[in-house]
Amino acid sequence: MEEKRKIRIGVIGCGQIARTRHIPELHSSRIAEIAGFYDFIPEHAQDMSRQYGGKVYEQYKDMLDDSQVDGVVICTSNDSHAAISIEALQKGKYVLCEKPMCTTLEDAAAVVKADRESSAFYMAAHNQRFNLGNSKARELLQSGKMGKVLAFKCTLAHSGPERYSINRSNSTWYLNKKASGLGCISDLGIHKCDVIQYTLGESFTQVSAFAGTRDKKDPFGNPADIYDNAVCILKTESGVMGSINLSYTNYGPMENSIVYYCEKGAVKVQYYPDCILEVVMDGGEKIRFMSPEHPSSGVAENFAEAIADGKASPVGAEEAYKALRVVFAIEESARTGQIVNL
Ligand SMILES: NC(=O)c1ccc[n+]([C@@H]2O[C@H](COP(=O)([O-])OP(=O)(O)OC[C@H]3O[C@@H](n4cnc5c(N)ncnc54)[C@H](O)[C@@H]3O)[C@@H](O)[C@H]2O)c1
């Protein structure tokens, strides 16, 4: 039987997330292989090519013009996501783009349009959807076994991206508004706004928030112009209400969890230090699922599989737009002091 050709993926932006997630996962994929790399700091692409093989492109446009490339993974700073995604889609390349989709809702609408008009598709790298705890929580909550979901509580708090960006300093793009967007609101909040809507199977309709810059500094020692903390209260169309705490200034152990309070018990998805789904039924019965150690994120594999099988995008542009709208509503509420209706 003829062996199927592997899906050939180019990587644009070869920093921390490309190195720790996408490149190793593509390298070990059954169905995808790495075509090559581009980074505007050429050494970053060259390092990856030496380690994994594959071409180094001088411009990302050269990668998009290469007929041997089926799709691209975009792992650059947020301000460049929209332009690269749109150009790739227009050239018929499949796009897996890191979150957030981009830094303005206008750009996000332009990506949605380019996606609709393209022969390929856009996928948002909303990896938390593929996490075992979240997929099981979604299955469980949507099965009705826990009764109605009444409320939720979510936290994502770590010590700041200047501690993991490939540029480990305050001059990282993450602490700059133009390159990042909304700081922790868009960087961390997008994960949780997306995964909670996805898990509940419904949309947020009302948002209220406080946000501020409590501690992070720009390279000159002035307060950074991004938000480093946000406390948000949200409500869905059916009335599920909850809070999302986002922080870049948690200098203790990282916190990353969501608890759904339901009629028949509580469902907790915890990501750190272990990936655990804990279900505690009203009455005390406890069920625990552990994720395997260092699981693959599943993002690249789902992307490549959908291309190979001619399926729809696993996390389409409209889904990404829907999560980004909530992120911008959080910022609007924090800025205006008003509850924002979506
Ligand atoms: N899904 C997740 O859990 C997750 C985790 C971390 C980062 N991210 C996202 O991944 C993206 C990259 O983050 P990171 O932590 O790897 O950042 P990073 O600073 O470590 O690396 C960014 C890399 O992209 C390059 N780059 C930046 N802008 C570019 C451009 N316009 N053209 C070409 N190269 C460019 C830089 O030189 C650097 O090598 C961001 O959008 C971030 O929000 C997602």
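Me: How much area do domain 1 and domain 2 bury between them?
Reply: Keep in mind that this is a predicted model. Domain 1 covers 7–127 + 299–315, while domain 2 covers 128–292 + 324–341. Carbon and sulfur atoms carry 65% of the area buried between the two domains, and the total is about 1800 Å².

Me: And how far apart are the centres of domain 1 and domain 2?
Reply: The contact draws on both sides, with 23 residues from domain 1 and 21 residues from domain 2. Taken over C-alpha atoms, the separation of the two centres is 25 Å.

Me: Which side chain does Lys99 meet in a salt bridge?
Reply: The interface of domain 1 and domain 2 has 2 salt bridges by the rule. For Lys99, the N to O distance is 2.7 Å, and the partner is Asp187.

Me: Which elements give two or more residues to the side of domain 1 that touches domain 2?
Reply: Polar contacts cross this interface too, in 10 residue pairs. The domain 1 side is made up of 10 nonpolar, 10 polar and 3 charged residues. The elements giving two or more residues there are helix H1 (16–27), helix H5 (105–117) and helix H10 (299–308).

Me: What radius of gyration does the protein chain have, and why does it agree with a compact globule?
Reply: The chain holds 11 helices and 15 strands, and its C-alpha trace spans about 60 × 55 × 35 Å along the principal axes. A compact globule with 342 residues would come out near 20 Å, and the chain agrees because its own value is 20 Å.

Me: How many residues apart in sequence are the parts that Arg5 and Asp70 tie together?
Reply: The count of salt bridges comes to 20 by the rule, and one joins the side chains of Arg5 and Asp70 at 2.9 Å, N to O. Arg5 lies in the segment before strand S1 (7–12), and Asp70 is in the loop between helix H3 (60–65) and strand S4 (71–74). The pair therefore ties together parts separated in sequence by 65 residues.

Me: Last one: which residue's side chain does a polar contact of 2.9 Å join to that of Thr249?
Reply: Thr249 is in the loop between strand S10 (241–247) and strand S11 (255–262). Leaving aside neighbours within four places in sequence, Thr249 is in contact with His158, Asp215, Lys216, Asp228 and Asn229. Asp228 is 21 residues away from Thr249 in sequence but 6.8 Å away in space, C-alpha to C-alpha. The side chain in that 2.9 Å polar contact belongs to Asn229.

Definitions and conventions
Residues numbered from 1 in each chain as written. Predicted model: local features only at pLDDT ≥ 70, side-chain atom pairs only at ≥ 80, totals over all residues. Heavy atoms only, no water. Domains from an automatic or database assignment. Contact = heavy atoms within 4.5 Å. Buried area = accessible area lost by both parts, 1.4 Å probe. Salt bridge = Lys/Arg side-chain N within 4 Å of Asp/Glu carboxyl O. Polar contact = N/O pair within 3.5 Å; in protein donor to acceptor, adjacent residues only side chain to side chain. Helix = DSSP H or I, 4+ residues; strand = E, 2+ residues; numbered from the N terminus. Nonpolar A, V, L, I, M, F, W, Y, C, P; charged D, E, K, R; others polar. Rg over C-alpha atoms; globule rule 2.2 N^0.38 Å.
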